[in-house]
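My entries follow in the order in which I checked things.

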2 protein chains.
Amino acid sequence: MAAHHPRESQWPKKELPEARKIMKQIGAQIPRIVESIQVDWSALGRVVAEEVKSSEDMPPVAASTKDGYAVIAHDGIGLKKMVGVSLAGNIYQGAVEIGKCVRISTGGIIPEGADAVIMREYTELVRQDQQSEETEIICKQAVQVGENIRLPGSDVRSSDVIVPFEAQIGSAEFGILNAFGIRTIKVYKKPVVTVISTGSELVSPMVENVPLGMVRDSNAPQLVALFKEHGFNVIDGGRVVDDKEGLDKKLTECLEHSDVIVTTGGVSMGEQDYMKNALLHLGFKIEFGRVSMKPGLPCTVATRESASERKLKVVLALPGNPASAWVCSHLFAVPLIRDMSGYRRINHTKINVRIAQDIKLGDRPEFVRAFIEQVGDEDDGHPIAHVTKNQISSNIGNLVGAQVLLELNAASADKTVVPKNGLVKALILSSNGNF
Amino acid sequence: MAAHHPRESQWPKKELPEARKIMKQIGAQIPRIVESIQVDWSALGRVVAEEVKSSEDMPPVAASTKDGYAVIAHDGIGLKKMVGVSLAGNIYQGAVEIGKCVRISTGGIIPEGADAVIMREYTELVRQDQQSEETEIICKQAVQVGENIRLPGSDVRSSDVIVPFEAQIGSAEFGILNAFGIRTIKVYKKPVVTVISTGSELVSPMVENVPLGMVRDSNAPQLVALFKEHGFNVIDGGRVVDDKEGLDKKLTECLEHSDVIVTTGGVSMGEQDYMKNALLHLGFKIEFGRVSMKPGLPCTVATRESASERKLKVVLALPGNPASAWVCSHLFAVPLIRDMSGYRRINHTKINVRIAQDIKLGDRPEFVRAFIEQVGDEDDGHPIAHVTKNQISSNIGNLVGAQVLLELNAASADKTVVPKNGLVKALILSSNGNF
């Protein structure tokens, strides 16, 4: 049967921008699903599917921004009799009149009559009572009306947007939701992602003595970890041998509960394109079967209409080499899943970096794993990027410590090398946690 | 008693670099604790406390990097009889001789006798058997000895370091640990961090109708969320009113099970420095009581010797304003806890950005919340940073959407403004998740 295998891939090489465009189009076809959730720790990382508005002014009433004394501005400098105390959580119920003041702390409510706060530093104590409470002070400086006062709603007005549409809930957003007592919010439902490793040579990572010709499956743990780092809803779908029936059964099973399936292996010519054949057999459309990039040439993406709420099932069939699978996951799986999860920024943040060594350009655009040096305080330049060791795609070691993916163009007639100190684009791999 | 309160803070303002130096010195005094853990999902984000070495060569034997035919290089071009198949997970037991070849796939083991692999593309099928297996091919190109062959140990040699000392376990590191079947590793124990909100005005975020003069506590949820985003071992210690006995009891209680306590509130003069007094009463040394920065001036850090394995308890007593607490947590708490957790890079990664608008410099160094624009593909410059709205420290809204903290110097005689397009340093807030 090997004789029937083509000697050249029947799948045209897509250029990278086209492959990315296709991924965006796939994302655009998939409706986002809205669900209501409680504002508890599980809300962290979720994307809000509504504009969250305040139902209150903050502060609700005029409050002091400083520690000092609430006074009447046009009362001017001089002696003031202290008639009370307004502390955070402790309201002064009386009023301030000419010649009088109320001691106030940051956050304290401005008492009736007062229209300014003089800072404690600009006052002098004149008299105190037997409990050592102040009774008379001197104001040494004049204050303006409104000085050191936060007006009601000056931070946030009732019906102001406090968390914008499609913001991700981080610590700041979580704080403000709690500040306004918001207990339930609408967010986008996370898609269910299943990772499957394919390959007849794979054994469990738990196997101590691996039989000759077999290898421990590290792709599934690696990609499940990567998707977990991104906060995705990911399932380890296990391993399956490269054969039509096995793949067919495994994919059918996983498709029932998954929106996205990420497989590794079975997409190169020598692997007889098991995956593409299985996908075609299951009625999938191969959106692309090869991408002009390094690593990751055989990267395959397929879609099939579905009766589920997402309307489309997506399979990303990635190469089995660990570096290829990892890079392709970053470039295609992470943005698609972020897209389906409602993130506004679906791609990694891109910055310019200077490279610490010459890099020879290849015949395809290349994604090189690198780490970056801190920018010194006196340095106005770009961060310096150092390539991690041994970039061949089968080498799992070159991913360790990677903080960025350098995005290198293919060599052209007039540019075959990016010299040391040359500028290149770098995608920040936030998930690495070393940032 | 208010009469006894000083009119000027007795705590000298530390300059920021000095405060950071003190934090580093505190970190250096605290021994790191090593523990053994299983390599499971809980290992993600941990810092390894050993050099993890391979006990195996990878690949263990010579393997093909391409789909093609294992041949003898000096056998040259021409007709070859196919004597077997070597696929990943399927070893060919025989040997290759002159005039013969073995069909091989990527990852397949190089059979005895063969010293090169010719890519399938450079061959032609001549004859096949009744099962459509190939029996004769023509090699159309010569190959070099070793071509398309990964030698044993060419990726990783036995006893090579696969995860370096003090690397953080991300997806790549997790993958390689699984690839080598490593089930147990030594990592640094995470310190236990407790967050406490102080303030007599605080009520639970669950309260729907907040009594006048009271506010919902958003600092504890915000900071617990921030520390959770960083993967820290954090406990919500709840709220406590500003009074000596209450603070004393709460701190004593929490110190029993915590290595680090982060409090908010009670550190400004008007709040009568409740926290500093409570800390002094509990035998703490105030390392600094004010820092020349904005927001966060009253930021206080205190230490006390301890009989615990960490030898030192640390309390970070942060201002109660949400923006101040958040910025101080990023600047002082996160680096200290990362330090105690064994991270090599304890500070946020710093890059240069261009600001989208003029920024007036203040009398103290200032940390301004901002988000950044993607760098365009044709743009060799720095990312453009946009300041989030309303930066006053009491305003919780300005944290929403922040991706970076701009680090602005204090104004000087010759520089009072950074003009639009001017360069400033930005700390990347990876925890935001928007990266």
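I began with H6(A), which lies across strand S25 (366–372), S27 and S29 of chain A. Against S25(A), H6(A) runs at about 90°. I note here that the model is predicted.

Next I looked at the strands. I found a closed barrel of 5 strands in chain A, in the order S23-S26-S25-S27-S29, and its pairing is mixed. From one strand to the next the twist averages 55°.

Strand S27 (residues 404–408) and strand S29 (residues 423–428) of chain A are antiparallel and pair over 4 bridges. I looked up the bridge partner of A:Leu405 in S29(A) and got A:Leu427.

I went back to the helices. The axes of helix H1 (residues 16–29) and helix H6 (residues 322–340) of chain A come within 9 Å and cross at roughly 25°. Angles under 35 degrees count as roughly parallel, so H1(A) is roughly parallel to H6(A). I recorded the crossing of H1(A) and H6(A) as right-handed.

I listed the residues in this contact. H1(A) contributes A:Leu16, A:Ala19, A:Arg20, A:Met23, A:Lys24, A:Ile26, A:Gly27 and A:Ala28. From H6(A) come A:Leu331, A:Phe332, A:Leu336 and A:Asp339. By type, the contact of H1(A) with H6(A) has 8 nonpolar, 1 polar and 3 charged residues.

Last, I looked up the domains. Chain A is divided into domain 1 (2–33 + 190–340), domain 2 (36–57 + 156–188), domain 3 (63–150) and domain 4 (350–430). I noted 38 Å between the C-alpha centres of domain 2 and domain 4 of chain A.

Terms used: Residues numbered from 1 in each chain as written. Chains lettered and ligands numbered in written order. Predicted model: local features only at pLDDT ≥ 70, side-chain atom pairs only at ≥ 80, totals over all residues. Heavy atoms only, no water. Domains from an automatic or database assignment. Axes fitted to C-alpha atoms, helices over the stretch in contact; angles between N-to-C directions. Helix = DSSP H or I, 4+ residues; strand = E, 2+ residues; numbered from the N terminus. Parallel < 35°, antiparallel > 145°, perpendicular 65-115°, else oblique. Left-handed = near helix turned anticlockwise from the far one by under 90°. Contact = heavy atoms within 4.5 Å. Nonpolar A, V, L, I, M, F, W, Y, C, P; charged D, E, K, R; others polar. Pairing = 2+ DSSP bridges.
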